[in-house]
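Let's walk through this one together, from the overall fold to the surroundings of two ligands.

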Amino acid sequence: MKKLLTCLFAAGMLAGTSAVVIASNGPETINLKEKFSVTGKKPAVIFPHRTHQEKLDCTNCHSTDKGGPLKVKIEKTTGMSNDFHKKFCWPCHVERKVPKGKSCSTCHKK
Ligand code: HEC
Ligand code: HEC
Ligand code: HEC
């Protein structure tokens with residue numbers, strides 16, 4: 001019994017720790033259409049936040065290494081020349097040579 005309790009306690013500690021890490025690192029994925037109240041007919045972009053965190057530093061996108069406001073100010077959200085395409089997602093994908101980094105279906109998944 002004592003062993004079982006110890007196990008449960010250890011599992012609880014682990015779960016607790018990972019919950020804290022996830023909370024401070026922000027969501028695993030982010031629906032950008034919702035978050036930025038984007039209007040338009042393209043399928044919503046579900047941004048794989050965690051995938052990016054694994055490959056990059058927070059400060060590639062955020063103002064601090066704990067997150068905070070994005071370095072790029074997103075103002076225009078309509079049409080092809082929206083700020084996500086022009087100032088944020090596309091420039092980095094081109095710079096880092098992300099495979100299919102500018103293909104519509106990489107980001108706008110049905
Ligand atoms: C490739 C770009 C990118 C990287 C790298 C990145 N993030 Fe984010 N993050 C975003 C975007 C885009 C959002 C959604 C827009 C927003 O919340 O301003 C976001 C949202 C967040 C949020 C939620 C903010 C809110 O108001 O809900 C937190 C917390 C966060 N990021 C923390 C981090 C931390 C910590 C790191 C580094 C370990 C990191 N991010 C790395 C792009 C990035
Ligand atoms: C600072 C650089 C940077 C920015 C900004 C950035 N990305 Fe990326 N993105 C990457 C890199 C690097 C990869 C390749 C990751 C890998 O190799 O798994 C990637 C891959 C992706 C993928 C494919 C993920 C997969 O599972 O294969 C998607 C989707 C994506 N990015 C969407 C976005 C969207 C949407 C934005 C803007 C909101 C954005 N990215 C902004 C660097 C960036
Ligand atoms: C690297 C990621 C990425 C790629 C690749 C991408 N987009 Fe986007 N796009 C976004 C993000 C982020 C938004 C704003 C959030 C949303 O609409 O969900 C957006 C918004 C849009 C909008 C304005 C909103 C709307 O629904 O009308 C249009 C139009 C658009 N994209 C068309 C395209 C087309 C066409 C392609 C292929 C040539 C493309 N996008 C490729 C990330 C991307």
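**Getting oriented**

Read from the N terminus, the order is α-β-α-β-α-β-β-α-α. Keep in mind that this is a predicted model, where local features need pLDDT of at least 70, side-chain atom pairs count only at pLDDT 80 or more, and totals for chains, interfaces and linings use all residues. Residues are numbered from 1 along each chain as its sequence is written, while chains are lettered from A and ligands numbered from 1 in the order in which they are written.

Of the chain's 110 residues, 3% count as buried, meaning that 20 or more other C-beta atoms, placed from the backbone, lie within 10 Å of the residue's own.

Now look at ligand 1. Its shell (residues whose C-beta atom, placed from the backbone, lies within 6 Å) holds 16 residues, with Gly26, His52, Cys58, Cys61 and Gly67 coming nearest. Helix H3 (49-55) and strand S4 (67-70) are the elements that each give two or more residues, and H3 has the largest share, with three.

Then move to ligand 3, which has 24 residues around it; Lys33, Gly40, Lys42, Cys104 and Cys107 are the closest. Here helices H2 (32-35), H4 (83-95) and H5 (104-107) each supply at least two shell residues, and H4 gives the most, five.

Conventions. Helices (H or I, at least four residues) and strands (E, at least two) are DSSP runs, numbered from the N terminus. A residue is buried if 20 or more other C-beta atoms lie within 10 Å of its own, exposed if 12 or fewer, and partly exposed in between; C-beta atoms are placed from the backbone.
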